Amino acid sequence: IRNIRFDFEFLKFIRKYKERIRDKRIRGDLTFYSNGVMYHIVLVFKAIATLPDGEANSEAIAERYLGFFGQSVAQPSLARSLRALSAVGLIKVIDNPFDKRMLNIKLTKEGANLQHLFIGSTKQYATIKEALLHYNRR
């Protein structure tokens, strides 16, 4: 049930973002969400939600994605997903000063709220093993 509630709230957040952009006629990026939400964007957010603060980067996200969902995510697809999540305000993307190929990610307040719905707390897991143990206990 928690996952269904998360999906509902995630889609509701996207719908409100689209309405806000249209109503205020402000510049915003609807291209990521013009035909709904691509599922891999939701899966990328779920992977981010389990990573500890300060350790969410593109490499760690790709590792979690593979560990949780049994399928890798291509770097271009991951980059598009991160831009899409950033465009709506669920994450903040920060350039890594030491490696331009890697991006650091931080959840916004809204992202943390969805994180809480998804995993039941704002607890994050340092290792994928810990995250999978928690996931398997549900």
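**Entry 1: E9**

I began with E9 in this predicted model and located E9 in helix α1. Is E9 buried or exposed? I found a relative accessible area of 14% for E9, so E9 is classed as buried, the cut-off being under 20%. Leaving aside residues within four places in sequence, I listed L114 and L117 as the contacts of E9. I then checked the separation of E9 from L114: the two are 105 residues apart in sequence, yet their C-alpha atoms lie 7.4 Å apart.

I moved on to F10. Which residues does F10 contact beyond its neighbours within four places in sequence? I recorded V37, I41, V42, F45, L85, L90 and L114.

**Entry 2: helix α2 and H40**

Given that share, I examined α2 itself. How many residues of α2 are buried? I counted 10 of its 11 residues as buried, so the helix is mostly covered under the cut-off of 20% relative accessible area. The buried residues are H40, I41, V42, L43, V44, F45, K46, A47, I48 and A49. I noted that the list includes H40 and K46.

I followed H40 further. H40 sits in α2 and has a relative accessibility of 18%, which places H40 in the buried class. Which residues are in contact with H40, neighbours within four places in sequence aside? I found Y65, S77 and S81. With S77, H40 also forms a side-chain polar contact of 3.4 Å.

**Entry 3: helix α4**

As a general point, an α-helix has 3.6 residues a turn, so residues three or four places apart point the same way.

I then tested the length of α4. Why does its end-to-end distance agree with expectation? The 14 residues of α4, at 1.5 Å a residue, should span 20 Å, and I found the end C-alpha atoms 20 Å apart. After α4 comes G89, for which I noted a positive phi, near 90°.

I turned to T50, which is located in the loop between α2 and α3. Its relative accessible area is 3%, so T50 is buried. I found a polar contact of 2.8 Å between the side chains of T50 and R64. I also looked up the distance from T50 to I119: the C-alpha atoms are 8.0 Å apart, although 69 residues separate the two along the chain.

Where does Q115 lie? I placed Q115 in helix α5. With a relative accessibility of 2%, Q115 counts as buried. The C-alpha atom of Q115 is 5.4 Å from that of A49, a residue 66 positions away along the chain.

**Entry 4: Q71**

I looked up Q71 in the loop between α3 and α4. Q71 has a relative accessible area of 52%, which makes it exposed. Not counting residues up to four places away in sequence, Q71 touches Y65 and L66. Y65 is also one of the contacts of H40.

**Entry 5: the chain as a whole**

I noted six helices and two strands, in the order α-α-α-α-β-β-α-α from the N terminus. Of the 138 residues, 38% are buried. The accessible surface is about 8,500 Å², and carbon and sulfur atoms hold 53% of it. Among contacts with a separation of 6 or more, I found that 57% join residues 24 or more positions apart.

Finally, I checked confidence. The mean pLDDT of the chain is 82, with 78% of residues at 70 or more. Which helix has the lowest confidence? I recorded α6 (residues 128-137), with a mean of 62, whereas α2 has the highest, at 93.

Key
Residues are numbered from 1 along each chain as its sequence is written. This is a predicted model: local features need pLDDT of at least 70, side-chain atom pairs count only at pLDDT 80 or more; totals for chains, interfaces and linings use all residues. Side-chain values use heavy atoms; hydrogens and water are left out. Helices (H or I, at least four residues) and strands (E, at least two) are DSSP runs, numbered from the N terminus. Buried means under 20% relative accessible area, exposed over 50%, partly exposed in between (1.4 Å probe, protein chains only). Contact means heavy atoms within 4.5 Å. Accessible areas come from the Shrake-Rupley method with a 1.4 Å probe; for residues, only the protein chains shown count as cover. The expected span of a helix is 1.5 Å times one less than its number of residues. A polar contact is a pair of N or O atoms within 3.5 Å; within protein, one must be able to donate a hydrogen and the other to accept it, and residues adjacent in sequence count only if both atoms are side-chain atoms. pLDDT is the predictor's confidence in each residue, from 0 to 100.
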